[in-house]
Amino acid sequence: MALLFSKMWRTGLVTEDLPSGGDEGLHLARVVEERTRRLLGRSLAIREVDAGSCNGCELEISGLNGPVYDCERFGVRFVASPRHADMLLVTGPVTRNMELPLRKTWEATPDPKLVVAVGECARTCGVFAGSYAVVGGVDRVIPVDLFVPGCPPEPLDILRGILKALDRLPRR
Amino acid sequence: MIPWLLEGLQCLLTLLLAPGLIGFVRLLKARLQGRRGAPLVQPYRDLAKLLDKERVVSTQASWIFHAAPFVVFASTLVASLLIPLVAAPLPFDRVGDLIVVVYLLLLGSFFLALAGLDTASPFGGMGASREMTIAALAEPTIALAIFGMGAGAGSTNLGEIVARTLAHPGSTLGSGHLMAFAALFIVMLAECGRLPVDNPATHLELTMIHEAMILEYSGPYLALVEWAAQMKFFLFLALLSNLVCPWGVAVALRPGTLGLAVAALVLKLAVLAAGIAVLETRLAKLRLFRVPELLGVSFLLALLAITSSFLVR
Amino acid sequence: MPPSFEVIGFLGIMAVSYIAAAAAALLFEDDRARRVTGLLSAAGALSGMGAAALGLAAGGSSVLELPSALPEAALEFSLDALSAAYLLLIGLVGVPAAIYSLGYGPERAVGAVDGALGRHSTGWRPARAIVPLFLLAMSLVVLANSVFTFLLFWEVMSLASYFLVIGRGDSPENLSAGRWYAGMAHAGFAAIAAALWLAAAGTEAGRFEEIRQAAGMLAPAARHAVFLLALLGFGSKAGVLPLHAWLPRAHPAAPSHVSALMSGVMLKIGMYGLLRVGLDLLGGGPPWWGGLVLALGVVSALGGILSALVENDLKRLLAYSSVENIGIIFIAVGIGLVFQSYGMAGLASMALAAALYHAINHAAFKGLLFLGSGAVLQATGTRNMEEMGGLIKRMPQTALCFLVGSTAIAALPPLNGFASEWMIFQSLLAGAAIPYPLMAAMMAIAAGTLALTGGLAAVCFVKAFGIPFLAMPRTAAAEEAREVPRTMRLGMGLLASACVLLGVLPFAAAPILSRAFFGMPGLSDTPAAFRLGLVMEAGAGASAISPTALALCLLAAGGAIPLAFRLAGSSRALRRAETWGCGRAVQSPRMEYTSTAFAEPLRRVFADLYRPAKTLDIEFHPESKYFVRSIQYQSRIRAWFEDAVYRPLFGLARPLAGTGRLIQSGSLHLYIAYIVAALLALLLLARWM
Ligand code: SF4
């Protein structure tokens, strides 16, 4: 136990600053309402929905919770139930089997709510395009507010995407 | 007049400080994990946001689902009137004693468990069953701790206990009291859903206890339930610190002593909260069916505390 | 003291009403019989309460003797404070149960033609006639003032309830319940008779005053024997562990308003007997008497609630929970006896008042819950909770009443269960002052058990209310359930308001509690030991609570919160959506948590006590064992404890019964010969003496 805590002490904080800029690639699909941005700007609960991804995106998303990217410092946290959520973070092309669950999740989330689609697949189906098993991009099923490109996108990009949807990116 | 204002002050303190206390524990834990963490005010922001959101209610829900958040919140709020946070004894001291406090909190759990069942969600039922099980198993420890302290002070009214401990610290405080503290501490971890009993930050429905029960709540209802849970945590910590270390609680009513009392309360809570943060960093969650063993240990501690006090007398 | 004119009048009206009610049931046709019988029974119970109120107000006891041919067999009654308290208790459940019975019957059952309702059919005329006789017998037991009177009506009470349990006698379940009940009731009767005769050995006519005076002269061994026999007999009627085996069988088998009377009232008559004999007639005894009662109480409380937890039959669950509550009452009685034997008069009065308070409260909420379960049974045709669900939307008023009862029985403030358990806990706490560490430690352990029982009761009643009433209906019968007739709801409503009033206004019960033990040996007559005012106090300067203020605070807080939210401008938007289930396609009742699942964690925690037996059958595909055709899982909880206690007894009794059968030939001539022989023997005996 002493070892554990002394190591914690020596390591200190490892959270990296979020560099400003770099949001050129992010594709804002809809303009988010002012009221929603104000309301969710300081406190955002996210429910992650895997609509059929290869899990590459999930791997990157889980980085957000770690000490390096630490999304909690922006008031962003992941929750278990869409009833508690303000934002759906959707990954992957929407498969036929996930179409209904995705829509149900969206319906279960109280207004005002945002949808951020993460990864190439979420927009264009990426490498899965044309497969018999997929329905299409996320915006074929539910309205998307912002796309984060990349296959998979980096955690920093995802974080930037979330914050950009809220208009909270650090200014240049 | 002034005593009634004091009651109001206690209520207000509980309402206002409770989210901050949780924020403090979360911040400390983040720092121990090497993260920067959310600012202290984050829980307040969360609550404010929830108040402005829509409520989504299951089509299966009956009025129980709508009533439960209010019952939980009201019972916790009333409990805050009965616990000497800054002054003792208060005018409401004879309205309820420690037993009332415990059963008021149980009343909240009872209705929340019913609400968990109400929506026909399997998670809700699971959470309700687990939460009630743990609440029930914690009950004997609480009773023995009350028994021990009540036998020492001659009353189970909290104001009396605090006042008598302040007046005769030598005769009331002893090894028995310390063991009762340890037992109550374990109970607090269980009742407030802290590690190693329940993980307040889990996302996995099957490992949840408290969280599973409130999975269906949203918007202002969720705000009420969460706020009530924070107040419960706050009250438990305040109870623990003021029963064992009542110094600072104002017995005479002067502005100076009152300011001191608030400062002392904040300090004591901070120390306890820091202890919990360190503990939670160190501990992993127990398997659900190991929790009864933990509560068994707390029961034995409490029993030991009492029998020792009988034998030395 | 001769009784006042009013008391005689009320008692007379009571007896006449009950008898008229019984007659009406036999004379009239179906629908009218139900109405007349129900109303007359209610009138009888009400006038019993009137007599009791007068008796309490007058203080002291009034004695009433009915003329009789034989001096030894005179019927003698007296109305003292203790009888009055129990008469009130009978009325408390009797009136609502009678009103409830106006609407309760198989004719109105929805979808249940041949269900449990059909069997114990209240439409069967003799059964309806027996209910008022049962009430009358219970009233006369608590009024009895001589050994003969007491035993006579005790037996009538047992027999009446026996017939109500077996009903028409065409269901094996009811018959088996009846056999258990008859066997244990008669074993208990034998013990009680032995105890009373032993106590009355030196007296002339077996009047209670005579016994009271002679008790001082009784040899210690005889006193102990009387007490132990009484404990055995009354304990088996009250249903304490391990003498409870009949209770969970018999109570559910009877029609629900009779179950309410049996659980709510008849068990308390057992408690009354114990108090009357142990405390009043014998005048208390050494500390171990109380200790024994206390220990029995602890075991019953825990055993009862643990059995109730894993039960899926709503009425059996309630019956087991009665075992628990009787345990709690015995804990309080035990402490009272202990205090009394140490000469702590004030504390003894407090503990006994707490016991009586809990007895009254239990009558109110258990009566209510049984009536509620009857309503559910009538609406759905089943007692199995796994086949209910969603009833709150179909029977909202029944649900509300049941919720009040569940909250009260879980000892949650500000309802009545909490008030009396608080007093019991305070009595235990006062027991810490007993100068013997062992006894004091026993009090601590009892306090821990009491709390565990309270916690488990909360779990149990979340289940008992939540599974039948909330979520989605699990069967078509539950889906089609309808609210029950108005009279039934009125009966439940009366008891629900009693639960609230007794809890919120404890001073309403104060006159009963502080006077019930007036004049008993070793108790203090001054009410200083505890106070039930706006503030309930456990002794001067000791703990105090005020349920009234608490209820007001809760109401105020509950009302202020929505107001504050509106002022703060919080969102009021509300949308209905499907229950969240991780996006699965349809919601069906099969996904709900079941009653078994709800109790599963505790079943595992207490696996050593339950000893569940499970069987798992997996049928594999013939090609590969990685493919499963079917899985069957079965888990049962056997009452191993009852097996362990009763099996050997049965083993003993069977050969004896076989011998007894030799003289049972079924031939009328032989029986007449027996009667003649017995008469002759008696005459010879009389001559010789
Ligand atoms: S975008 Fe790339 S990493 Fe993400 S789900 Fe698609 S293929 Fe996997």
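The structure is a predicted model, in which local features need pLDDT of at least 70 and side-chain atom pairs count only at pLDDT 80 or more, whereas totals for chains, interfaces and linings use all residues. Residues are numbered from 1 along each chain as its sequence is written, chains are lettered from A and ligands numbered from 1 in the order in which they are written, and side-chain values use heavy atoms, with hydrogens and water left out.

At the interface, 13 residues of chain A are in contact with eight residues of chain C, contact being defined as heavy atoms within 4.5 Å. The size of an interface is often given as the accessible area lost when the parts come together. Here the buried area (accessible area, 1.4 Å probe, that two parts lose on being put together, summed over both) is about 760 Å², and carbon and sulfur atoms give 49% of it. Of the area that chain A buries against chain C, 50% is supplied by R83(A), K104(A) and E107(A), more than by any other three residues.

One salt bridge is found across this interface, the criterion being a side-chain nitrogen of Lys or Arg within 4 Å of a carboxyl oxygen of Asp or Glu. K104(A) forms a salt bridge with E578(C), and the closest N and O atoms are 3.1 Å apart. Six residue pairs, with both residues at pLDDT 80 or more, are in polar contact across the interface of chain A and chain C. A polar contact is a pair of N or O atoms within 3.5 Å; within protein, one must be able to donate a hydrogen and the other to accept it, and residues adjacent in sequence count only if both atoms are side-chain atoms. Helix 4 (residues 96-108) of chain A contributes six residues, the largest share of the side of chain A that touches chain C; helices are DSSP runs (H or I, at least four residues), numbered from the N terminus.

For C192(B), the nearest cysteine sulfur, that of C11(B), is 18 Å away.

In chain C, S322(C) lies in helix 13 (residues 314-341) and is buried, with a relative accessible area of 0%. Its side chain makes a polar contact of 2.8 Å with the side chain of S263(C). Beyond neighbours within four places in sequence, the residues in contact with S322(C) include L247(C), H362(C) and F370(C).

Note on methods: Helix = DSSP H or I, 4+ residues; strand = E, 2+ residues; numbered from the N terminus. Disulfide = S-S within 2.5 Å. Buried < 20%, exposed > 50% of the residue type's maximum accessible area, 1.4 Å probe, protein only.
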